[in-house]
Amino acid sequence: MIAFVGMETSGMVRRAFQAKGIETYSCDLLPSDDGGEDMVYSPDGLPLGRHIVGDVFETLDNLWSNDLWPSLAVFHPPCTRLCNSGVRWLDNPPPGKTRKQMHEELAQGAELFSRCLNINIDRVCVENPVMHKYAKQAIWGYRPPVQSIQPWQFGHGEVKRTCLWLNGLMPLVPTNVVEGREAKVHRMPPGPDRWKARSKTYPGIAQAMADQWAMPTN
């Protein structure tokens, strides 16, 4: 089994699958935060994957040509122009942006999401926040998410609703429902890395994905 994690820099999901003995590759235009670019091997010498810096779909093509096509993929496409919380910017652009630019970025975001959702991989998860109606209209063959999850269902006392579009995968079963409904992510102060912190997968959710969607190779 080979797993692929697209648009991830934290390495959170990649490491969770690798810990199960699954050969897993993550990919993003940016380097990984955990320095995971070097190939990792299990104690018995089996490859456990690495992070690849580059375009997600070009990387998948390269994996295909090297007989490394994944049977499972988890995608985290950028949500900036798709999420319901940012719909106001389409007609009232932030400083330095035009309305035309906003709609061009929406089209680009919808195309990327569409390619992830409709990719020819047996088992696929695409995650994003709640979408506005214009994003839904722009996505090819849009269908509602299979489920939405919260961090507090997986051991983190916080609120951050995340929708999961699933192909060939069962919905995640909550693993550790805890107290606490704090919206930490939404209250993060402005800064150059705010987007990265907001998009990072919670460890409990990454672990649930690996435990429930991957079978160990040993």
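What follows is a dialogue about a predicted model of a protein.

Student: How many helices and strands does the protein have?

Tutor: The predicted model has six helices and nine strands.

Student: What makes the protein as compact as a globular protein of its length?

Tutor: Its radius of gyration is 17 Å, and the globule rule gives 17 Å for 218 residues. The value is close to the rule, so the protein is as compact as a globular protein of that length. Along its principal axes, the C-alpha trace spans about 55 × 45 × 35 Å.

Student: What share of the residues is buried?

Tutor: Buried residues make up 46% of the 218. Of the contacts between residues at least 6 apart in sequence, 63% join residues at least 24 apart. The accessible surface comes to about 11,300 Å², and 53% of that belongs to carbon and sulfur atoms.

Student: Why are Cys83 and Cys163 called buried?

Tutor: Buried means under 20% relative accessible area. Cys83 has 8%, so Cys83 is buried. Cys163 has 3%, so Cys163 is buried as well.

Student: Where is Asp67, and what is its phi?

Tutor: Asp67 is in the loop between helix H2 (56-65) and strand E6 (72-75). Asp67 is not a glycine, yet its phi is positive, at about 55°.

Student: Is Asp67 buried or exposed, and how do you know?

Tutor: Exposed means over 50%. Asp67 has a relative accessible area of 69%, so Asp67 is exposed.

Student: Why is Thr98 called partly exposed?

Tutor: Thr98 has 40%, so Thr98 is partly exposed. Thr98 lies in the loop between E6 and helix H3 (99-117). Thr98 and Gly54 are 44 residues apart in sequence, and their C-alpha atoms are 28 Å apart in space.

Student: Where is Ser42, and why does Ser42 count as buried?

Tutor: Ser42 is in the loop between strand E3 (40-41) and strand E4 (47-49). Its relative accessibility is 14%, which is under 20%, so Ser42 counts as buried. Ser42 and Gln153 are 111 residues apart in sequence and 31 Å apart in space, C-alpha to C-alpha.

Student: What makes Asp38 exposed?

Tutor: Asp38 has a relative accessible area of 61%, and the cut-off for exposed is over 50%, so Asp38 is exposed. Asp38 is in the loop between strand E2 (23-28) and E3.

Student: Which residues does Asp38 touch?

Tutor: Leaving out residues up to four places away in sequence, Asp38 touches Gly49 and Arg50. The C-alpha atoms of Asp38 and Asn128 are separated by 28 Å, and the two residues are 90 apart along the chain.

Student: Which residues of helix H6 are buried, and what covers them?

Tutor: In H6, residues 203-213, the buried ones are Gly204, Ile205, Ala206, Ala208, Met209, Ala210 and Trp213. Their cover includes helix H1 and strand E6. Strand E7 (123-128), strand E8 (147-149) and strand E9 (162-167) are also among what covers them.

Conventions. Residues are numbered from 1 along each chain as its sequence is written. This is a predicted model: local features need pLDDT of at least 70, side-chain atom pairs count only at pLDDT 80 or more; totals for chains, interfaces and linings use all residues. Side-chain values use heavy atoms; hydrogens and water are left out. Helices (H or I, at least four residues) and strands (E, at least two) are DSSP runs, numbered from the N terminus. The radius of gyration is taken over C-alpha atoms; the globule rule is 2.2 Å times the number of residues to the power 0.38. Buried means under 20% relative accessible area, exposed over 50%, partly exposed in between (1.4 Å probe, protein chains only). Contact means heavy atoms within 4.5 Å. Accessible areas come from the Shrake-Rupley method with a 1.4 Å probe; for residues, only the protein chains shown count as cover.
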